[in-house]
Structures are given as C-alpha cells and as structure tokens.
Amino acid sequence: MGLDSVELVLEIERRFQIEIPDRELYKMTTVGEMHRWLHRALDTTVWSEEAIWNELREIVYRHFDISPEEVRPETSFVDDLGAG
C-alpha cells in the first residue's frame, strides 16, 4: 500500500471515526466495496447509507483532485485512481 493509499485510509477513518482492519482493507478494491463495508460497520442510526456515500465520495474526489462524477461505486482505487 502506497503513501497515497495510507493517507486516504487515514482520512476515511478520521471522518467516520472507525478503524478499518488491514485484513478487510485489502479486500476492498472499489469505492463501492468500501461504501458497503462502511455501511455494515457504522451505526446506521447515525449514518444513513446515502450520508456514508456522500462523505466517502467527497473524501475520494478531494483526495485525488478529480470531479465528483468520476467517483462511482465501480471506481477502482488502483486501476481508476492510481492508488497503490
């Protein structure tokens, strides 16, 4: 995992106040997989599915300096965003 990826994960963990175990992290290759994992892991009385998506999407597009439209569930962290 490259420095860019580590910084992204740390930003996600800070925003959602959650720790993502490495064994889970390595399974997530797309933004959609990250979203589904967060939805299962977070308190859904505080975080709606839509709120999780909106926050995650914003983190990703700001981190990679891309347009929000480029962040879709099928967006690959490695292939599309170059996170390694």
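**Entry 1**

I began with Arg-15, which counts as partly exposed at 36% relative accessibility. My cut-offs: buried means under 20% relative accessible area, exposed over 50%, and partly exposed in between, with a 1.4 Å probe and protein chains only. I noted that this is a predicted model, where local features need pLDDT of at least 70, side-chain atom pairs count only at pLDDT 80 or more, and totals for chains, interfaces and linings use all residues. Residues are numbered from 1 along each chain as its sequence is written, and side-chain values use heavy atoms, with hydrogens and water left out.

Which residue does Arg-15 meet in a salt bridge? I found Glu-55, at 2.8 Å from N to O. This pair links distant parts of the chain, with Arg-15 in helix H1 (residues 3–16) and Glu-55 in helix H4, 40 residues apart. Glu-55 is partly exposed too, with a relative accessible area of 22%. For the term itself: a salt bridge is a side-chain nitrogen of Lys or Arg within 4 Å of a carboxyl oxygen of Asp or Glu. Helices here are DSSP runs of H or I with at least four residues, numbered from the N terminus.

**Entry 2: the other salt bridges**

I searched the whole structure and got four salt bridges. One of them joins Arg-62 to Glu-58, with the closest N and O atoms 2.8 Å apart. Those two are four residues apart in helix H4, so about one helical turn separates them. Arg-62 is exposed at 55% relative accessibility, while Glu-58 is partly exposed at 30%. Another salt bridge brings together the side chains of Glu-74 and Arg-72, 3.0 Å from N to O. Arg-72 is partly exposed, with a relative accessible area of 37%.

**Entry 3: helix H4**

Next I checked the length of H4, residues 49–63. Its 15 residues should span 21 Å at 1.5 Å a residue, and the end C-alpha atoms are 21 Å apart, which agrees. The expected span is 1.5 Å times one less than the number of residues.

Which residues of H4 are buried? I listed Ile-52, Trp-53, Leu-56, Ile-59 and Val-60. Seen down the helix axis, the buried residues fall within an arc of 135°, so they line one face of H4. That arc is taken from the directions from the helix axis to the C-beta atoms. On the other side of H4, Glu-50 and Arg-62 are exposed. After H4 comes Asp-65, whose phi is positive, near 50°.

**Entry 4: His-35**

Last, I looked up His-35, which sits in helix H3 (residues 31–41). Is His-35 buried or exposed? I found it buried, with a relative accessible area of 9%. His-35 touches Glu-49, Ile-52, Trp-53 and Leu-56, leaving out residues up to four places away in sequence; contact means heavy atoms within 4.5 Å. A polar atom of the His-35 side chain lies 3.1 Å from the backbone oxygen of Glu-49.

Key: Polar contact = N/O pair within 3.5 Å; in protein donor to acceptor, adjacent residues only side chain to side chain.
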